[in-house]
Structure formats: C-alpha cells, structure tokens
Amino acid sequence: MTVDTFISQLCEHCGLSVDDVSIEINETDDKIIAQIQLPEEESGLFIGYHGETLDALQRIVRLVFFRTHPDKKIIVNINEYREDREEKLREMVKSIGERVLESGQSYTFNSFLPANERYIIHSTLSEDESLEGLESISEGDRKDRRLTIRVKSE
C-alpha cells in the first residue's frame, strides 16, 4: 500500500467521497510530504484544534509506513494548514516580541505548543533583527511544556 492510497482510504472511512479528496505526494531523499486538499467544510474535522487532529493523523501515517520508509520523515498537510499556521505564528511572535521589548515584561504562552511550533517561534526570534534583544525558553515536560519570550539576560 502507498501513502496516498492509505490516506485516501482513511478519508473514505471518515465519510468523504474519493472525488472530494485530492492527494499529492512529494518525495525527496529524506521526506515524504502528503498534501491533501479537502472541501473547506470538512477540513476542520481533519485538522482539529490548533492542528491536533492533523498531528495525530500524521503520527498514524508515520507509524503505518515506518517499516517501508524508516529513514524518511513523513509530513501530512491539509489545505495548506501548516503554512498558514506558520505565518500566523511568525506574525504573533513579532507582535508579542515588540510588546516584550517595550514593556520589559516576559510573555508565556498559556497553551501547549507542539515541538514544530516552538521551533518556529525560536527561529523567528533568532532570524528577525528587530527582535535580537529577545530570547525564548521552553520549560516543563510534555503537555505541561510552556514557552516564554523574554528580554535576553546579560
């Protein structure tokens, strides 16, 4: 079975018609990226709150294909959600960063952020010259892990 066949069958089991689902697989030496296009009214079911369902779907696909593709990272994306989320996170970090620089008070995200989103925040702070006086730190474990943006300590 191929990744696109598995995803297509999964979508069918969730009540979607094959005609409503478009799956494009891009494979490189180290990645398999599954871009899925669904009707907008169905995408929320597959994406979930802050992408939690999408992340779970990605984990399932990774587990199913681990033996056939042990050296490849498998990424599942629905209706360009991951790109949209990254853009929103970068904008949010810039806004929060400006407030932290102005006030000197640190900001802690009150909800759990998955590792890939924490990475986006860390990299945005390190890449944006206007935010060079800030740092981000992660504290806690698993679902209790929180990320804080603060002024760099000298």
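**Note on charges, cysteines and backbone angles**

1. His-50 sits in the loop that joins helix H2 (40-47) to helix H3 (52-65). Helices here are DSSP runs of H or I with at least four residues, strands are E runs of at least two, and both are numbered from the N terminus. The phi of His-50 is positive, about 50 degrees, although His-50 is not a glycine. Most residues other than glycine have a negative phi. His-50 is partly exposed, because its relative accessible area is 33%. The classes are buried (under 20% relative accessible area), exposed (over 50%) and partly exposed (in between), with a 1.4 Å probe and protein chains only.

2. A word on the source. This is a predicted model, in which local features need pLDDT of at least 70 and side-chain atom pairs count only at pLDDT 80 or more, while totals for chains, interfaces and linings use all residues. Residues are numbered from 1 along each chain as its sequence is written, and side-chain values use heavy atoms, leaving out hydrogens and water.

3. Glu-80 also deserves a look. Its place is the loop between strand S3 (73-78) and helix H4 (81-103). Glu-80 has a positive phi of about 55 degrees and is not a glycine. With 35% relative accessibility, Glu-80 counts as partly exposed.

4. Glu-80 belongs to a negative surface patch, together with Glu-83, Asp-84, Glu-87 and Glu-91. Patch residues have over 30% relative accessible area and no salt bridge, and like charges are joined within 9 Å. Asp and Glu count as negative, Lys and Arg as positive; His and the chain ends are not counted.

5. There is a positive surface patch too. Lys-31, Arg-59, Arg-62, Lys-73 and Lys-143 form this patch. Lys-31 lies in strand S2, residues 31-37. Lys-31 is classed as partly exposed because its relative accessibility is 32%. Each charge is placed at NZ of Lys, CZ of Arg, CG of Asp or CD of Glu.

6. Now the cysteines. How many disulfides does the structure hold? The count is 0, where a disulfide is a pair of cysteine sulfur atoms within 2.5 Å. Cys-11 is in no disulfide, and its nearest cysteine sulfur belongs to Cys-14, 6.6 Å away.

7. Is Cys-11 buried or exposed? Cys-11 is buried, because its relative accessibility is 3%. Cys-14 is partly exposed, at 41% relative accessible area.

Definitions and conventions
Patch = residues over 30% accessible without salt bridge, like charges linked within 9 Å, V, L, I, M, F, W, Y side chains within 5 Å. Areas by Shrake-Rupley, 256 points an atom, 1.4 Å probe, with all protein chains shown as cover. Salt bridge = Lys/Arg side-chain N within 4 Å of Asp/Glu carboxyl O.
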